[in-house]
Amino acid sequence: MIDDKFLKSIKNLPPFPATVQKVSALISDPDFSMMDLVGVIEYDQAITANILKMCNSAYFGVRHKISNLRQAVSYLGRENIVRVVNAAGTSRYYKKAEGYYIDEAAKLWEHSVGVALMTQILSRKIYGREDNKLFTAGLLHDIGKVVLGEFVHESFQEIMGLVTDHGYSFLEAEEEVIGINHAQLGGEIAVLWKFPREIRDAIAYHHRPDLMEEGDDAIPWLIYLSDQACLMMGIGGGVDGLAYRGLGEVIDKFNLRQKDFEESIVLLLKDLEKAKELVDLVESESKG
Ligand SMILES: [Fe+2]
Ligand SMILES: [Fe+2]
């Protein structure tokens with residue numbers, strides 16, 4: 001049973017942005033049009049404003065001022081627009097995260113975007129296509145940390161002690177000291193946000209997909225693999241569980257070759273740079 005104080009905190013989280021959800025659903029249809037995209041975004045003033053700011057920034061070097069969403073979408077292209085919507089739409093969740101788990105909120109956001117992007121790179125290699133459920137699950141896999149981070153200040157030393165002196169994993173130490181780990185808590189948040197079961201499971205089992213008793217475990221394993229790849233590359237979001245299962249074994253599970261995995265990491269670093277650039281741009285412009 002989930003503790004009351006956690007439940008309250010979960011309820012205080014802003015609702016998951018509908019625009020991000022709608023855009024995710026739209027892009028799963030390979031024939032979606034520019035106009036479909038405009039139709040979904042134009043109701044979200046904040047995201048529309050950000051897109052216009054971005055278009056008119058020096059980064060894109062546009063000659064004439066772009067003043068409406070339709071022009072912006074055709075100028076930036078579908079891919080850039082989708083990236084901006086996803087990145088800008090989720091960054092605010094992680095802005096409030098600080099404290100025990102997270103040395104910097106920006107790092108948790110970067111880690112989450114990194115995991116989301118990596119799931120898409122792997123999905124293209126394994127299934128030949130992208131998968132928006134995986135992307136969303138990747139973005140939100142550590143959302144439990146945002147809530148848990150508020151409560152574990154006093155328990156931090158105790159958790160660290162169990163890990164360093166008694167051989168506990170971080171997840172076990174969380175469970176022992178506070179009764180729930182960040183993955184389980186994230187699963188509860190996904191239930192409250194009415195996400196489909198696959199997304200909830202992927203979040204709840206992202207450190208231990210082997211414990212899943214029913215349902216398809218491919219999504220949790222892909223989140224696991226992407227998470228570990230990011231941790232390996234130093235794209236971390238604070239204290240978290242290290243590999244439970246050897247990466248080689250998981251790579252084999254998806255019939256990937258070591259070479260595919262290494263290529264994926266190179267692509268990830270490029271994609272993450274791009275995503276960061278776009279969001280930094282939006283944020284620095286809105287401050288200035
Ligand atoms: Fe985690
Ligand atoms: Fe993570």
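## A predicted model with an iron site

Asn255 is found in the loop between α15 (247–253) and α16. Helices here are DSSP runs of H or I with at least four residues, numbered from the N terminus. This is a predicted model, in which local features need pLDDT of at least 70 and side-chain atom pairs count only at pLDDT 80 or more, while totals for chains, interfaces and linings use all residues. Residues are numbered from 1 along each chain as its sequence is written, chains are lettered from A and ligands numbered from 1 in the order in which they are written, and side-chain values use heavy atoms, with hydrogens and water left out.

The phi angle of Asn255 is near 55°, a positive value in a residue other than glycine. Asn255 has 72% relative accessibility and counts as exposed. Exposed means over 50% relative accessible area, buried under 20%, and partly exposed in between, with a 1.4 Å probe and protein chains only.

**The iron site**

The iron ion (ligand 2) is coordinated by His111 (NE2), His141 (NE2), Asp142 (OD) and Asp227 (OD), at 2.2 to 2.4 Å. Donors are N, O and S atoms within 2.8 Å of the metal (3.2 Å for Na, K and Ca); water is not among the atoms, so sites may look incomplete. The angles among the four donor atoms run from 77 to 172°, and the site is irregular.

His111 lies in helix α7 and Asp227 in helix α14, so the pair ties together parts that are 116 residues apart in sequence.

**Helix α10**

Helix α10 (residues 156–166) has Ile159, Gly161 and Leu162 buried. Seen down the axis of α10, its buried residues fall within an arc of 160°, so they line one face of the helix. The arc is that of the directions from the helix axis to the C-beta atoms. The face turned away from the buried side of α10 carries the exposed residues Gln157, Thr164 and Asp165.

Note on methods: Four donors count as tetrahedral if all angles lie between 85 and 135 degrees; four count as square planar and six as octahedral if opposite donors are over 155 degrees apart and all others between 65 and 115; anything else is irregular. Helices (H or I, at least four residues) and strands (E, at least two) are DSSP runs, numbered from the N terminus.
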